[in-house]
Amino acid sequence: MIRSILAIAVLSALSGAAAAAPGKAGPFVIEGHSFESQESFVRAGLRCGAVHPDADTALEVEAFAQSYLSGGITANGKPGGSTPPPTVTGGVINVYFHVINKGTGISNGDIPDSQIQSQMNVLNAAYASTGWSFNLVSVDRTTNATWYAMGHGSTAEAQAKAALRQGSADDLNVYTANPGGGLLGWATFPSNYASAPSKDGVVLLYSSVPGGSAAPYNLGDTGTHEVGHWMGLYHTFQGGCARNATSGGDLVSDTPAEKSAAFGCPTGRDTCTSLAGLDPIKNFMDYTDDACMNTFSAGQDLRMDQMFSTYRFGK
């Protein structure tokens, strides 16, 4: 119901907007940035700026988690005790929402509380089946033109997060800004926290929240996708057709392999024809349009529980 209402509102508000139909060839315009096609936008890496670890590092992260959860080692990497730590399978995650803008009004990134609440509603609906929910603790607003334009890995990002971040490893900090170039957002992974706690969190293009102007990515599922990374998930297309549950890729056995990121909503797409299953285009961790996404797999749910328990819970 939430998605339907938002979709109607967005389509009405954006009638006549200069953007190609989702997934179609031809000029694709998002937030004033023009691309040869939506595929060009996606291939430019602008759907998500999260930096995945290389295959070896990803497997090290996985091995550490499995050893920790079995009681083999402690969180500090020392020999474990006789009792394995608990694996949390859900709970309420506190959210601190930081609106970074360059002035008043939505056009300057100063999104209203109503859009923030809509984003929270989308997150809670998307994660309802996993046992995880999100509680908005506070909203703060900062006018800073430099931070507003912060890029991934920039000094401005580091400064903004150092000044604004609240809570501990198991608290979610969301920053809305305007990174530029059409970049929709990025996130840190649970395994990143110990080495760089001040950088932890999710950054979103302000106009990607529900009711924003970044069509077709304005129903709030950029937030869902980036929080998925924050919970420990990788992209479904990670590793392409070669990936599997134990030696690479997204390390989840029940997300069918796909050769590359999908865009639009290409029903029936199958880029790894020698492997079982159609491409998981409706999965929140692919790159399809917000209106196409609606699924986390059972394996992804389990992985989120394991990563959160290992790297975030009580840290």
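At what angle do helix α3 and helix α8 pack, and how far apart are their axes? The views below, all taken from a predicted model, start there.

**View 1. Helix α3 against helix α8.** Helix α3 (residues 55-69) meets helix α8 (residues 298-311) at an angle of about 75 degrees, and their axes sit 10 Å apart. Angles of 65 to 115 degrees count as roughly perpendicular, so that's the label for α3 relative to α8. On the α3 side, the contact is made by Val61, Glu62, Phe64, Ala65, Gln66, Tyr68 and Leu69. From α8 come Arg303, Gln306, Met307, Ser309, Thr310 and Tyr311. Sorted by class, this α3 and α8 contact has seven nonpolar, four polar and two charged residues.

**View 2. The open sheet.** Five strands line up in the order β4-β3-β5-β7-β6, with mixed pairing. Strands β4 (132-143) and β6 (185-187) take the edges; each has a single partner strand, so one side of each is left without a neighbour in the sheet. Going from one strand to the next, the twist averages 20 degrees.

**View 3. Strands β3 and β5 up close.** Here β3 (residues 91-101) and β5 (residues 172-177) pair in the parallel sense, over five bridges. Look for tyrosine 96, which stands opposite asparagine 173 in β5.

**View 4. Helices on the sheet.** Helix α4 (residues 113-127) lies across β3, β4 and β7 (202-205), running at about 155 degrees to β4. Helix α7 (residues 221-230) also packs on the sheet, touching β3, β4, β5, β6 and β7. The direction of α7 makes about 165 degrees with that of β7.

Technical notes: Residues are numbered from 1 along each chain as its sequence is written. This is a predicted model: local features need pLDDT of at least 70, side-chain atom pairs count only at pLDDT 80 or more; totals for chains, interfaces and linings use all residues. Side-chain values use heavy atoms; hydrogens and water are left out. Axes are lines fitted to C-alpha atoms, for helices over the stretch in contact, and angles run from 0 to 180 degrees between N-to-C directions. Helices (H or I, at least four residues) and strands (E, at least two) are DSSP runs, numbered from the N terminus. Angles under 35 degrees count as roughly parallel, over 145 as roughly antiparallel, 65 to 115 as roughly perpendicular and the rest as oblique. Contact means heavy atoms within 4.5 Å. Ala, Val, Leu, Ile, Met, Phe, Trp, Tyr, Cys and Pro count as nonpolar, Asp, Glu, Lys and Arg as charged, and the others, Gly among them, as polar. Two strands pair if DSSP finds at least two bridges between them.
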